[in-house]
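Dear colleague,

Please find below the structure we discussed passing on to you. A summary of the findings follows it.

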Amino acid sequence: MVRRARAGERLRTLDDVDRELHPEDLLITCGPDGERILALAGVMGGEDGEVTPGRTTDVLVESAHFDARTVARTSRRTGCRARRPSASSAGSTLPSPRRPRSWPSTCWSSTAAAPPTRRSPTATSG
């Protein structure tokens, strides 16, 4: 669940810093009411989501695209810098389906019965 932070909420991030959250901060949460905070959306994960050798048995890969201004404000407000702050704060664009330059050449699906297929841009006639 994605939601805004509530007044007084805190999160210990992966860099082991306890951070005070602001009602404008966007969070990734879980639970029926989003009570367990997993991450500051687009900025950094929470301590509870850290992969620990010998203890972590399951990993869920999450992918999302958040408003660059919201991510930059949260990053500045909390003093939390992601590994690639320039990608978030400068704004990024999603790759175009017609020109998948930055997409992997092979698309994988964990539920597909058939092997992955190669995707290529649509040919245009001139």
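**Cysteines, fold and core**

Cys80 is buried, its relative accessible area being 0%. Please note that the model is a predicted one. The structure contains zero disulfides.

As regards the overall architecture, the secondary structure of the chain consists of two helices and six strands. Read from the N terminus, the order of these elements is β-β-β-β-β-β-α-α. Among contacts with a separation of 6 or more, 48% are between residues 24 or more positions apart.

The chain has 126 residues, of which 24% count as buried. Its accessible surface amounts to about 9,600 Å², and carbon and sulfur atoms contribute 50% of that area.

The largest nonpolar core comprises 15 residues, and the members that touch the most others are Leu21, Leu27, Leu40, Val43 and Phe66. Two elements supply two or more residues each to this core, namely strand E4 (26-30) and strand E5 (36-40). Phe66 deserves a separate entry: leaving aside residues up to four places away in sequence, Phe66 is in contact with Leu26, Ile28, Ala41, Gly42 and Val71.

With kind regards

Conventions. Residues are numbered from 1 along each chain as its sequence is written. This is a predicted model: local features need pLDDT of at least 70, side-chain atom pairs count only at pLDDT 80 or more; totals for chains, interfaces and linings use all residues. Side-chain values use heavy atoms; hydrogens and water are left out. A nonpolar core is a set of buried Ala, Val, Leu, Ile, Met, Phe, Trp, Tyr and Cys residues joined through side-chain atoms within 4.5 Å. Buried means under 20% relative accessible area, exposed over 50%, partly exposed in between (1.4 Å probe, protein chains only). Helices (H or I, at least four residues) and strands (E, at least two) are DSSP runs, numbered from the N terminus. Contact means heavy atoms within 4.5 Å. Accessible areas come from the Shrake-Rupley method with a 1.4 Å probe; for residues, only the protein chains shown count as cover. A disulfide is a pair of cysteine sulfur atoms within 2.5 Å.
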